[in-house]
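Okay, everyone, thanks for coming. Let me put the structure up, and then we'll walk through it together.

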Amino acid sequence: MEASESTGTTPIPVWPGSAYPLGATYDGAGTNFSLFSEVAEAVDLCLIAKDGTETRVRLDEVDGYVWHAYLPTVVPGQRYGYRIHGPWDPAAGHRCDPSKLLLDPYGKAFDGEFDGDRSLFSYDIDAPAEPAPEESEDAVEAVDSDDDIEAEDAAELAAEPEDISTPGLPGHDSLGHTMTTVVINPFFDWAADRAPKHPYHDTVIYEAHVKGMTATHPGVPEELRGTYAGLAHPVIIDHLVDLGVTAIELMPVHQFMHDQTLLDKGLRNYWGYNTFGFLAPHTGYSSAEKPGAAVSEFKAMVRSFHEAGIEVILDVVYNHTAEGNHLGPTISFRGIDNAAYYRLVDGDAEHYMDYTGTGNSLNARHPHTLQLIMDSLRYWVTEMHVDGFRFDLASTLARELHDVDRLSAFFDLVQQDPIVSQVKLIAEPWDIGEGGYQVGNFPGLWTEWNGKYRDTVRDYWRGEPATLGEFASRLTGSSDLYEATGRRPGASINFVIAHDGFTLRDLVSYNEKHNEANGEGNNDGESHNRSWNCGVEGPTDDPEILDLRGRQSRNILATLLLSQGTPMLAHGDEMGRTQRGNNNVYCQDSELSWMDWSLADSNADLVEFTKRVIALRMKNPVFRRRRFFEGTPIRSGDQTRDIAWLTPAGEEMTPEDWDSGFGKSLAVFLNGEGIPEPNHRGERVVGDSFLLCFNAHDEEIEFSTPNSDYADEWAVVLDTAVPTGAKEAVIKAGNSLQVEARSLVVLRRTA
């Protein structure tokens, strides 16, 4: 068989091929192409030459709605797309449009750009606007400020465009205006690569942006800045190793597109939460221009991180795609099988359910959509060697009908999968739909971004009253959220700062967001930040305020890193990175959002402090227990427990103390001899014991060390009132210790 239609000149051989695996698979001789579409009446595989000419191959082989062929002459580097012939009936949920060159949902690499041309849209973009339809009762609900959805998503939701009725199928060909999919060479020399496989209790996560980390680093060659190769450069890896980081969590690296509305304003989708290529590393982060080069460069980056003992975790966005709502472009899923890939409004199939604020929600109820997600996850583990995933707005994937269902098909598949179930699985446990805030409610296999931890720690250190009980729960691993599902403290991914919101420095420098640069009248981004500017909004030369901001930063870092659970740092917080009060830099691909590496020198004390606290955590098992505290004696006849909560006077807390409206100061004793779980060799774990003295009051407080039942002598090992945290002092049992206003002192039992 030969190509059935061609604008080229040379016929090519076409063999039947196989329905599996989906996508384009080069086997060393030729390439198998496979595409799912239940709605299609005919499918054309379109091979695109370097000069832009197109050769169409009609796929005559169909098995179970999977269209396929094997082309023995096609090799890596070949660009291609699909044209789908089928019903154009938006009211019924079908949007087949053969004038659109469509990207392969299983594409492993892409080439080119979207230029915003009218041909990308399957309707007349010049048609007059009509009023938007009313949302159904099951559509998006109002968002509680505590839900902390992506601020980018909320802004896009608020800016929902007006409806445009589709007057018919315009038929403008998108070839030349859209990206193309690229056949890749799957073979790579992984050498002796091995996954580090750090258990959660030994993990310190560092959330980072591929471009932002290296865009201005003077030690990274200019041609590598902002790329996978740049991120894997020794100066970056050395910095992370020196800090004590064990895992880097990359903001989206799946292929994404830049929103045309942002491009029109001279901005870009910097964060990348606008993906469509679930098996492809984003080409914009490749240092080479050759199509498909991003794949091998990404693999080399992972290999380098693994050599340094650092895991690679991907922030993945399976809840929606870049095609947006019914007014978005037709680039892939919409034109291939709209009703299969997307959640459509019941009784109004022309419009999309939107649990994410970005216009559509992926239909995780459909078996082929579920297969795409699972195939993507397995691919990144088996072929790209990543070590885990953080799922953006993960509650969307749990919606079977409308409610979030912990026993949904997606979670069942993950639980049963022998590959995906064995890597780190981190949920962002909310979306913007009704009942979407699900912190603590994910299945036992999962860990979660603990939004309650973030809010509690922020409130405590800014001096909000009556938070002691909540603070104690978050400090000890949030057993109230995770123990009932059989999970351990590591299930709580503790964070105070993430990409979405203020940086650490800005959290202690601004009361209000300052997002004017985003061009949305400062209406985008979260308005309730639980931040405190320490007396002056923004930059200041006042030494007292700068000193207070420094203490507050160190307080938050020390609390985060000495809490039970899995800590996550946001890139640059260890050196005081600022976004000048912008808490939603999703569209700021500029120095406003990039790392300023000169801060590593000017804020060297903060870098040193962060290293010191991470080292304290990693050296002492009592800060990273695998099981929750029980509050019981560690041996018969002994009154010393594994944990004890004390007042500043050194006496055990009473119910009245916990309920005190003052609620700003307390101490906690952590018994290094009261760790019940053995190590990986089955040996008893015994470590040092510590006393942590917290003072969120605006005045210095005198703490007394407890009686000799706890220790005869204590040594100060960390004091957040000191820029580097280093302080030497020895205190006898029952003696006093002055804890400066808004500071934390850590003491180690020495006798």
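Helices here (H or I, at least four residues) and strands (E, at least two) are DSSP runs, numbered from the N terminus. Axes are lines fitted to C-alpha atoms, for helices over the stretch in contact, and angles run from 0 to 180 degrees between N-to-C directions. Contact, by the way, means heavy atoms within 4.5 Å.

Before going on, the ground rules. This is a predicted model, where local features need pLDDT of at least 70 and side-chain atom pairs count only at pLDDT 80 or more, while totals for chains, interfaces and linings use all residues. Residues are numbered from 1 along each chain as its sequence is written, and side-chain values use heavy atoms, with hydrogens and water left out.

Now the overall picture. We've got 17 helices and 32 strands. The C-alpha atoms fill a box of roughly 90 × 55 × 50 Å along the principal axes. The radius of gyration (taken over C-alpha atoms) is 27 Å, which agrees with the value near 27 Å for a compact globule of 751 residues; that globule rule is 2.2 Å times the number of residues to the power 0.38. Buried residues (under 20% relative accessible area, 1.4 Å probe, protein chains only; exposed is over 50%, partly exposed in between) make up 60% of the 751. Of the contacts with a separation of 6 or more, 74% come from residues 24 or more positions apart. And the accessible surface, from the Shrake-Rupley method with a 1.4 Å probe, comes to about 27300 Å², with 48% of that belonging to carbon and sulfur atoms.

How many strands close into the barrel? Eight, in the order 13-14-17-20-21-22-23-24, with parallel pairing. On average, neighbouring strands of this sheet are turned by 30° against each other, direction ignored. Two strands pair if DSSP finds at least two bridges between them, and strand 23 (residues 492-494) and strand 24 (residues 566-570) pair over two bridges. Asn-494, for one, has Pro-567 in strand 24 as its bridge partner.

Let's look at His-209, in the loop between strand 13 (205-208) and helix 2 (210-214). Buried or exposed? His-209 counts as buried, at 2% relative accessibility. A polar atom of the His-209 side chain lies 2.7 Å from the backbone oxygen of Tyr-270, and a polar contact of 3.4 Å links the side chains of His-209 and Tyr-285. A polar contact is a pair of N or O atoms within 3.5 Å; within protein, one must be able to donate a hydrogen and the other to accept it, and residues adjacent in sequence count only if both atoms are side-chain atoms. Leaving aside neighbours within four places in sequence, the contacts of His-209 include Met-251, Trp-271 and His-571.

Next, strand 16 (residues 275-281). Seven of its seven residues are buried, so the strand is largely enclosed by the rest of the structure. Strand 15 (residues 254-256) runs antiparallel to strand 16, joined by three bridges, and His-254 stands opposite Pro-281. Helix 11 (residues 468-475) is largely enclosed too, because six of its eight residues are buried; among them are Leu-468, Phe-471 and Arg-474.

Asp-459 sits in helix 10 (residues 451-461) and is buried at 12% relative accessibility. Its side chain makes a polar contact of 3.1 Å with that of Arg-530.

Most residues other than glycine have a negative phi, and most peptide bonds are trans. Here, though, a cis peptide bond joins Tyr-20 and Pro-21, with omega about 5°. Cys-534, not a glycine, has a positive phi of about 65°; it is in the loop between helix 13 (504-507) and helix 14 (543-562), and it is buried at 6%. Arg-742 also has a positive phi, near 45°, in the loop between strand 31 (736-739) and strand 32 (743-749). Arg-742 is buried as well, with a relative accessible area of 13%.

That's my tour, thanks.
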